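Student: Could we go through this structure together? I would like to learn how to read its features one by one.

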Amino acid sequence: MTSRDKIAKIVPVAHLDLIANDYYMMVLTHALEHPPYLEWFKNRVFEEHYLILDNSTVELGAPENFARYLDKALGINANEIVLPDWLHDAERTLSCMDEATKSIQSSSYKGYVMAIPQGRTQNEW
């Protein structure tokens, strides 16, 4: 595996050094509340790493307020953001994705977006 493989790992703050040479990095939005985590990822932009801001739905049980989330994405110069998703709820996820897409279009964010499918059945998913 090389540092350019398309794998983005999520690691605890104490182990950020283990991904320092990775190109793709997954950033948890809720963890950006901790100054050491925030500063570590802000510094990666200058080293030309690819930052994906995750919405922390799994960790928080719900996606973060999207306006706040988008501000965080802009603050760390995220290359890609994860649209809001609700675990196992396809309809709510699609609705939130639609609203988020409209917010992105009227913002200064110019990066990529990622959608996470949700549902209770294979058909929903």
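Tutor: Gladly. Helices (H or I, at least four residues) and strands (E, at least two) are DSSP runs, numbered from the N terminus. With that numbering, Ser 56 is placed in the loop between strand 2 and helix 2. A word on the source: this is a predicted model, in which local features need pLDDT of at least 70 and side-chain atom pairs count only at pLDDT 80 or more, while totals for chains, interfaces and linings use all residues. Residues are numbered from 1 along each chain as its sequence is written, and side-chain values use heavy atoms, with hydrogens and water left out.

Student: Is Ser 56 buried or exposed?

Tutor: Buried means under 20% relative accessible area, exposed over 50%, and partly exposed in between (1.4 Å probe, protein chains only). Ser 56 has a relative accessible area of 0%, so the residue is buried. Its phi is near 60 degrees, a positive value in a residue other than glycine.

Student: What does the side chain of Asn 55 reach?

Tutor: For polar contacts, look for a pair of N or O atoms within 3.5 Å; within protein, one must be able to donate a hydrogen and the other to accept it, and residues adjacent in sequence count only if both atoms are side-chain atoms. Asn 55 sits in the loop between strand 2 (50-54) and helix 2 (57-60). Its side chain reaches the backbone oxygen of Leu 83 at 2.9 Å, and also makes a polar contact with the side chain of Asp 85 at 2.8 Å. With a relative accessible area of 3%, Asn 55 is buried. Contact in general means heavy atoms within 4.5 Å. Leaving out residues up to four places away in sequence, Asn 55 touches several residues, including Thr 29, Pro 63, Tyr 69 and Pro 84.

Student: How many strands does the open sheet have, and in what order?

Tutor: Strands of a sheet pair through backbone hydrogen bonds, either parallel or antiparallel. Two strands count as paired if DSSP finds at least two bridges between them. This open sheet has four strands in the order 1-2-3-4, with parallel pairing. Strand 1 (24-28) and strand 4 (112-114) stand at the edges with a single partner strand each, so one side of each is left without a neighbour in the sheet. Direction ignored, neighbouring strands of this sheet are turned by 25 degrees against each other on average.

Student: Where do the bridges fall?

Tutor: Strand 1 and strand 2 run parallel and are joined by five bridges; Tyr 24 has Tyr 50 as its bridge partner in strand 2. Strand 3 (residues 80-82) pairs with strand 4 in the parallel sense over three bridges, and Glu 80 stands opposite Tyr 112 in strand 4.

Student: How does helix 1 lie relative to strand 1?

Tutor: Axes are lines fitted to C-alpha atoms, for helices over the stretch in contact, and angles run from 0 to 180 degrees between N-to-C directions. Helix 1 (residues 35-46) lies across strand 1 and strand 2, running at about 150 degrees to strand 1. A crossover is right-handed if, with the strands pointing away from the viewer, the path from the first strand over the helix to the second runs clockwise. Strand 1, helix 1 and strand 2 make a right-handed β-α-β unit.

Student: How many aromatic pairs does a search of the whole structure find?

Tutor: Rings of Phe, Tyr and Trp (its six-membered ring) pair if their centres lie within 6.5 Å; planes under 30 degrees apart count as stacked, over 60 as edge-to-face and the rest as tilted. The search finds six aromatic pairs. Tyr 37 and Phe 41 form an edge-to-face pair, 4.8 Å centre to centre with 65 degrees between the planes. Phe 41 is buried, with a relative accessible area of 0%.
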